[in-house]
Amino acid sequence: MTWTREQIEIRALAHEFASGELRGASAGWDSNRDLDEDVFGKLAEIGFLGMLIPEQYGGLDFDLGTYLLVLEELAWGDASVALSVAIHNGPVAGLLQRYGSDEQKQRWLPGLVSGSLLGAFALSEPGAGSDAGSVSTNAERSGTGWKLSGEKRWVTNGRRAGLVLTFARTEPDGMSAFLLPSDSDGYIVGAREGTMGFRASQTVSVELDGVELPAEGLLGDAGRGLPYALEALDLGRAGIAAQAVGIGRSAMEHAARYALEREQFGRAIADFGAIQAKLAEMARKLTGARLLAHHAGAALEAANRGDGHARTGVQGVTSLAAIAKLAASEAATWSADQAIQVFGGYGYMRHYPVEQLLRDAKGTEIYEGTNEIMRVVIAREVLRDAAID
């Protein structure tokens, strides 16, 4: 895969930002279970809170390939930051840009770009994780608007967010998407989740206690929430793949540097074939995962342009995004696990970086659809193609 000169320059800028602003602070954020508040202001200054938003609203209007390159570099610096940025840019800004009215775009997109608003995505519930269609949060007509009631779980950015893209059932067999300001009466932030990895990410439960929204709070068409959510998940999974590559790459680089410095039996452990085999396998897995992520991103972009790229089938968008997420997340977890082996006893210590990377990598196998669900998605598309043939 060949990058353009502009993509190479943007990637270098993202790497410089991650190196200077994120990597040195990552361990402290993990320990404190929170990010510095000013990191989002810095991300806004560099434009990374508006990567997929058109220039007319102040955004950078990146293609998906460039967006994925930036996410990889941010995850290389700190996984929690990359996750927050991906949720904000991907499902929230992405769906708003595709399905929002002109008035909705003008109201919300400039704030998302400037960082005065952070976006959150509220789909999952206590009884609706991988099965997005079983959402029970209810939205009923209230005058000319809507009233939302229910509980959401695992809402990333849920406490910081100014705009929460929320999914609720509006009819017996369908759900809809809503643009919910977090300062609305009845929006109640609950317990902070104590996660194994991504510890600095504010992942919370949210209760919707009769939240009143005007008619313009509805995003797109009523009853189209599930297709919108699944579309957002396709983009989200390509983004997770890029994040996983960044996490795994960080683990590989830490392991390689340590192997060059650590001596046993009178020579650097990098001289031993067992260590070299681990590093080579990390590079192989992560390079392939990056290519899969960008292949999925290119397919998504083609489908969004309407140039005929299918959303179904084993070479369709949904399958390619699931394949990328599956391969990259498992490559990242394996690489981080092997990096701990390279470090030996030191790798098991909290004040060395690779144990944090393993905890973060494991999260990419779970959120936005577990890897078991990714295999179900991929197999379904393989069988769909076989039935057609």
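**Close-ups of rings, cores and a helix**

**View 1. Four aromatic residues gather into a cluster.** Y258, F343, Y346 and Y352 are joined into a cluster by ring pairs. Keep in mind, here and in every view below, that this is a predicted model. Across the structure, there are nine aromatic pairs.

**View 2. Y99 and Y228 stack on each other.** These two tyrosines make a stacked aromatic pair, with 4.2 Å from centre to centre and 25° between the planes. Y99 belongs to helix α4 (residues 79-99) and Y228 to helix α6 (residues 225-261), so the pair ties together parts that sit 129 residues apart in sequence.

View 3. Distant parts of the chain are linked by the pair, 169 residues apart. F198 sits in the loop between β6 (187-192) and β7 (203-213), and Y367 in the loop between α9 (353-364) and α10 (371-388). F198 and Y367 are both buried.

**View 4. Two tryptophans each have a charged residue over the ring face.** R23 lies over the face of W76, 3.8 Å from the ring centre. Over at W334, K285 is the residue lying across the face, at 5.1 Å from the ring centre.

**View 5. The largest nonpolar core takes in 100 residues.** Which residues have the most contacts inside this core? They're L43, Y67, L74, L112, L165 and F167. Helix α6 gives the most to the core, with 16 residues. Zoom in on L112: leaving aside neighbours within four places in sequence, L112 touches L49, I53, H88, V92, A93, L96, L117, L118, G119 and L163.

**View 6. Helix α3 is largely enclosed by the rest of the structure.** Helix α3 covers residues 64-77, and at 1.5 Å a residue its 14 residues should span 20 Å. The end C-alpha atoms are 20 Å apart, so the model agrees with that expectation. Look at the start of α3, too: a side-chain oxygen of D63 comes within 3.0 Å of the backbone nitrogen of G65.

How values were computed. Residues are numbered from 1 along each chain as its sequence is written. This is a predicted model: local features need pLDDT of at least 70, side-chain atom pairs count only at pLDDT 80 or more; totals for chains, interfaces and linings use all residues. Side-chain values use heavy atoms; hydrogens and water are left out. Rings of Phe, Tyr and Trp (its six-membered ring) pair if their centres lie within 6.5 Å; planes under 30 degrees apart count as stacked, over 60 as edge-to-face and the rest as tilted. Helices (H or I, at least four residues) and strands (E, at least two) are DSSP runs, numbered from the N terminus. Buried means under 20% relative accessible area, exposed over 50%, partly exposed in between (1.4 Å probe, protein chains only). A charge sits over a ring if NZ of Lys or CZ of Arg is within 6 Å of the ring centre and within 35 degrees of the ring normal. A nonpolar core is a set of buried Ala, Val, Leu, Ile, Met, Phe, Trp, Tyr and Cys residues joined through side-chain atoms within 4.5 Å. Contact means heavy atoms within 4.5 Å. The expected span of a helix is 1.5 Å times one less than its number of residues. A polar contact is a pair of N or O atoms within 3.5 Å; within protein, one must be able to donate a hydrogen and the other to accept it, and residues adjacent in sequence count only if both atoms are side-chain atoms.
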